[in-house]
Amino acid sequence: MSGQPNTRLSDLFGLAGWSKGELARLVNRQAAAMGHPQLSTDTSRVRRWIDTGEIPRDPVPRVLAALFTERLGRVVTIEDLGLVRHGRTGKRQGDGNAENPDGMPWAPDRTAAVLTEFTGMDLMLNRRGLVGAGAALAAGSALTSAMHDWLHTDPALTADAPQFDDPLHADPAGFDRYEAAPIGSQEIEELERSVEVFRAWDAARGGGLQRKAVVGQLNEVGGMLAYRHPDHLQRRLWGVAANLAVLAGWMSHDVGLEPTAQKYFVIAAHAAREGGDRPRAGEALSRAARQMVHLGRPDDALDLMKLAQSGSGEQVLPRTRAMLYTIEAWAQASMGKGQAMRRTLGQAEDLFVSDKSDVPPPSWMQTFKEEDLYGMQALAYRTLAEHEPAAAAHAQHYADKALALRVDGRQRSKIFDFLSMASACFIADDPEQADRYARLALVSMGSNSSHRTWDRLRQMYRLTAEYSGYPKINELREEIRLALPKPKGRGGNSARA
């Protein structure tokens with residue numbers, strides 16, 4: 001007991017709208033449903049949790065996380081409730097505050113527990129048809145300040161990690177806990193192959209259709225990580241967890257579950273670093289930066305990119321650094337910093353061509369090819385064209401080069417290139433070509449579950465207003481209005497101009 005109010009629990013309690021007595025009754029009922037019929041909570045205990053910072057014993061924190069998750073319609077973890085015991089997680093863990101709300105970074109055993117708990121709650125939202133939204137995104141500066149020193153040091157060796165009496169100890173962390181057993185290299189190879197299948201599906205069809213399957217797989221891996229495997233297997237398992245967490249985050253971002261996506265990116269960075277793969281940790285953070293640019297927060301994106309680049313270590317391949325620079329350039333373009341953007345894209349080009357491919361790229365970088373470099377250059381110039389219309393010509397040039405190389409079935413990337421080209425054509429006063437590319441994008445979007453493509457279409461739609469007097473463009477505008485999905489609690493996204 002800290003003696004201080006638990007402000008995080010208090011805030012969520014206020015949002016939930018329960019009375020203390022009602023919450024006590026719900027805890028008893030939910031605990032019985034989870035196999036703990038002996039639990040007996042009353043109003044005075046709830047008051048102590050909120051007013052004096054008393055942390056209840058297990059399973060009460062997990063029960064509370066489940067209740068708040070269902071009530072608020074978004075994932076609420078034990079960390080979110082401020083109910084992590086200091087002794088269990090080490091000196092810094094659980095010391096959440098406004099600057100570092102999740103008490104990051106986590107110890108290795110806590111990373112596995114957070115991973116399993118969060119995915120379990122996410123799966124529960126899926127099962128019950130709830131919408132995982134409503135939380136706030138952490139600022140980029142808050143994440144970087146919390147994780148900087150930790151990411152720049154080597155993870156604890158297995159021999160130095162916390163030891164348990166039972167060599168196969170597993171700390172129960174969440175509802176959908178996979179009943180894992182020690183695994184071998186064959187099982188890890190199968191998990192690694194499943195990542196490739198999920199990654200290909202996401203690139204082709206968007207994140208909506210397979211997100212639940214990825215989260216479920218990640219939940220199982222979290223259970224496996226709670227056991228102490230030989231070091232070489234444990235590192236590979238952390239790598240699988242990092243790859244799945246990035247995918248879960250990217251798919252969540254793709255369907256508009258932004259706070260959920262950010263949490264997965266942070267989990268991925270922790271998992272990659274625990275596996276000794278600092279470049280993968282940096283790439284995971286770069287995903288969070290891309291998310292920030294998409295949401296109109298380029299300053300936060302630049303904060304995250306500084307950490308992603310410096311935290312990736314010296315062994316990062318030139319092509320990976322090139323990819324990181326393209327994201328930084330997009331953020332700079334969003335802020336109208338044309339000179340900085342051009343300089344950063346030049347660095348990206350130099351790094352890309354300097355990569356001799358003598359070292360095989362990691363699996364997560366095999367999708368960043370020449371067309372992806374061109375696609376990001378087109379996006380950066382198209383974004384800058386909102387501030388400097390002359391940049392539209394460069395966006396057209398790079399979008400054309402990207403589209404000429406798009407032959408590998410990554411339909412979502414092709415849609416983005418179509419939309420970059422269409423937007424650049426409108427800005428360059430070429431409505432006829434803009435109409436052509438906009439229709440190519442529109443015809444491809446029906447079979448894709450990516451909300452981000454619709455968000456980008458809405459951005460392009462704004463540019464059509466100037467040409468609404470043209471019959472073809474007026475028809476295009478009507479087709480877009482009919483095709484756009486109706487926004488669900490995402491006010492301001494409907495097509496209006």
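Two cavities of 30 Å³ or more are present in the structure, which is a predicted model. The largest cavity has a volume of about 620 Å³, and its lining is made up of 31 residues. Those that lie nearest the centre of this cavity are Trp250, Arg290, Asp372, Arg410 and Ser413. Two or more lining residues come from each of helix H8 (185-205), helix H10 (231-254), helix H12 (278-294), helix H14 (318-334), helix H16 (370-384), helix H18 (411-427) and helix H20 (451-464). By class, the lining of the largest cavity comprises 12 nonpolar, six polar and 13 charged residues.

The second largest cavity holds about 30 Å³ of space. Trp250, His253, Arg290, His294, Trp330, Arg452 and Arg456 form its lining. At least two of the residues in this lining are supplied by each of H10, H12 and H20. The lining of the second largest cavity divides into two nonpolar, two polar and three charged residues. Trp250 and Arg290 belong to this lining and are also among the residues that lie nearest the centre of the largest cavity.

Attention was also given to Gln309, which is placed in helix H13 (residues 298-311). The relative accessible area of Gln309 is 17%, and the residue is therefore classed as buried, the cut-off for this class being under 20%. When neighbours within four places in sequence are left aside, Gln309 is in contact with Arg321, Leu324, Tyr325 and Glu328.

How values were computed:
Residues numbered from 1 in each chain as written. Predicted model: local features only at pLDDT ≥ 70, side-chain atom pairs only at ≥ 80, totals over all residues. Heavy atoms only, no water. 1 Å grid on protein atoms, 1.4 Å probe; cavity = no way out; pocket = protein on both sides within 12 Å on 5 of 7 lines; lining within 4 Å. Points joined across faces, edges and corners; volume = space filled by probe spheres on them. Helix = DSSP H or I, 4+ residues; strand = E, 2+ residues; numbered from the N terminus. Nonpolar A, V, L, I, M, F, W, Y, C, P; charged D, E, K, R; others polar. Buried < 20%, exposed > 50% of the residue type's maximum accessible area, 1.4 Å probe, protein only. Contact = heavy atoms within 4.5 Å.
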